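Colleague: I would like to go through some of the labels used for this model and hear what each one rests on.

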Amino acid sequence: MSRTRRRADQALLNQALALTREDWRGVSRLVVDAAVGVTDLAETLHQTITDSVGRHGGPLVRPVARLSGRIAGSVYGAVRSSFGGVGGLLDLGLGWRPSSVAGVSSAERDAFVAALNGVVGDRLAARGNPLALPLTLRIARADAGQPPSPQLLLLVHGLCMNDRQWCRQGHDHGRELAQELGFDAVYARYNSGRHVSENGRDLAFAIETLVERWPVPVERIVIVGHSLGGLVARSACHAAGEAGLGWPARLRHVVCLGTPHHGAPLERAGRLVDEALAFSRYVEPFARLGRARSAGITDLRWGNLRDADWQGRPHSAQRHDDRVPTPPPAGVALHVVAALLARRGDAPAARLVGDGLVPLASALGEHADPALDLGVPAARRLVLHGANHWDLLSRPEVYRQLSRWLAGS
């Protein structure tokens with residue numbers, strides 16, 4: 001076994017050991033749900049084949065096919081019931097496990113749970129799984145000895161990530177900006193597998209509560225969002241305006257780092273694969289596996305921000321960019337930072353590839369439809385060359401530009 005493989009295996013083991021007893025209960029329920037889902041898929045495929053045999057077989061074959069279908073239905077039902085019983089036993093059996101394991105970093109546990117929430121977080125929340133993350137805000141004061149600042153810097157992480165992961169290669173935009181510009185940094189943690197609009201609404205009300213309870217009057221709020229976090233930040237601004245909340249009057253800047261304002265091609269490609277599988281009734285059941293990706297991921301298809309962008313249909317069924325235009329909040333400076341893997345130039349291919357996940361035009365908020373174009377002026381844009389999606393969290397050029405943008409009023 002190679003050294004790299006051994007390190008990867010050890011990292012997975014560390015993440016497993018860091019899980020709490022409630023986490024393990026959540027994992028057991030998720031495994032049972034997955035097993036039931038696979039059983040459903042197998043039953044559908046079995047039924048499709050049986051129906052086909054019944055339609056095309058002779059008079060002697062049809063009764064056998066019908067009987068086979070009824071027997072198979074009973075068997076699959078029994079299998080589902082047995083999985084439910086196993087889940088209950090696992091819940092009871094996991095009571096012996098200690099709540100944590102000494103010496104294992106909770107950062108590893110947080111990374112595992114955050115990734116899981118990004119992939120299937122909507123299902124975790126719908127089923128009341130203890131692994132589903134609630135939206136929380138963590139305050140990190142630049143200097144514990146200093147009084148609370150009247151300036152708040154809110155940082156909103158991206159898909160499958162958590163608030164700890166703003167720190168990359170020893171650098172944390174929030175920590176550095178707080179020290180340099182006198183902010184109190186506030187880090188959001190949320191279930192990135194839920195719809196953007198659901199997280200945006202929860203964030204809007206959480207900020208309102210934070211401002212109301214802040215020890216000193218809040219004079220200025222700045223939000224920095226990375227990737228999906230930029231969509232959640234913009235959605236929060238919209239939800240706050242709809243609800244008549246007070247904090248947007250104190251909001252001065254929203255900065256989006258690598259945010260797919262108009263979607264990401266990888267998610268649109270996923271939809272095409274789903275549709276290709278659906279052309280044959282024999283492989284259509286397997287399309288369910290693709291459609292199982294979370295609402296947070298499918299919102300990245302076009303950059304959904306509002307409930308109206310997805311309500312009234314399965315979240316995986318959005319075929320066209322039919323979003324309701326959501327302009328930046330009035331009186332707030334919107335800034336965008338994009339990256340290109342290419343080290344120079346912005347040829348069409350390089351613009352499409354963008355930072356490896358988000359095309360350049362999407363990250364800059366550009367759109368052929370004027371109603372959807374965000375109209376961000378050149379002075380509020382930054383494009384990095386030779387950088388990927390995650391480099392935006394640590395590149396010094398990004399930090400310097402953030403500092404210049406946010407040093408003003």
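This is a predicted model: local features need pLDDT of at least 70, side-chain atom pairs count only at pLDDT 80 or more; totals for chains, interfaces and linings use all residues.

Colleague: Why is D184 called buried?

Modeller: Buried means under 20% relative accessible area. D184 has a relative accessible area of 2%, so D184 is buried. Its place is in strand β5.

Colleague: What makes the approach of D184 to S149 a polar contact?

Modeller: The pair must be N or O atoms within 3.5 Å, one able to donate a hydrogen and the other to accept it.

Colleague: Which residues of α5 are buried?

Modeller: In this helix, residues 173–181, the buried ones are H173, G174, L177, A178 and L181.

Colleague: How do you know that the buried residues of α5 line one face of the helix?

Modeller: Seen down the axis of α5, they fall within an arc of 125°, so they line one face.

Colleague: What covers the buried residues of α5?

Modeller: The cover includes strands β2 (151–156), β4 (171–172), β5 (184–189) and β7 (251–257), together with helix α13 (396–406).

Colleague: What is found at the start of α5, and what follows the helix?

Modeller: At the start, a side-chain oxygen of D172 comes to within 2.8 Å of the backbone nitrogen of G174. After the helix comes G182, with a positive phi near 80°.

Colleague: What makes up the lining of the second largest cavity, by class?

Modeller: The lining residues are L152, L154, V186, I207, L210 and I221. Leu, Val and Ile count as nonpolar, so the division is 6 nonpolar, no polar and no charged. β2 and α6 (196–213) each supply at least two residues of this lining.

Colleague: And what is the division by class for the largest cavity?

Modeller: Its lining has 5 nonpolar, 4 polar and 3 charged residues. Among the residues that line it are R234, D309 and R323; Asp and Arg count as charged. The lining also includes G303, and Gly counts as polar. L305, V324 and P325 are also among the lining residues, and Leu, Val and Pro count as nonpolar.

Definitions and conventions. Residues are numbered from 1 along each chain as its sequence is written. Side-chain values use heavy atoms; hydrogens and water are left out. Buried means under 20% relative accessible area, exposed over 50%, partly exposed in between (1.4 Å probe, protein chains only). Helices (H or I, at least four residues) and strands (E, at least two) are DSSP runs, numbered from the N terminus. The arc is that of the directions from the helix axis to the C-beta atoms. Contact means heavy atoms within 4.5 Å. On a 1 Å grid over the protein atoms alone, a cavity is a set of points where a 1.4 Å probe fits but cannot get out, and a pocket is an open set with protein on both sides within 12 Å along at least five of seven lines; lining residues have an atom within 4 Å of a point.
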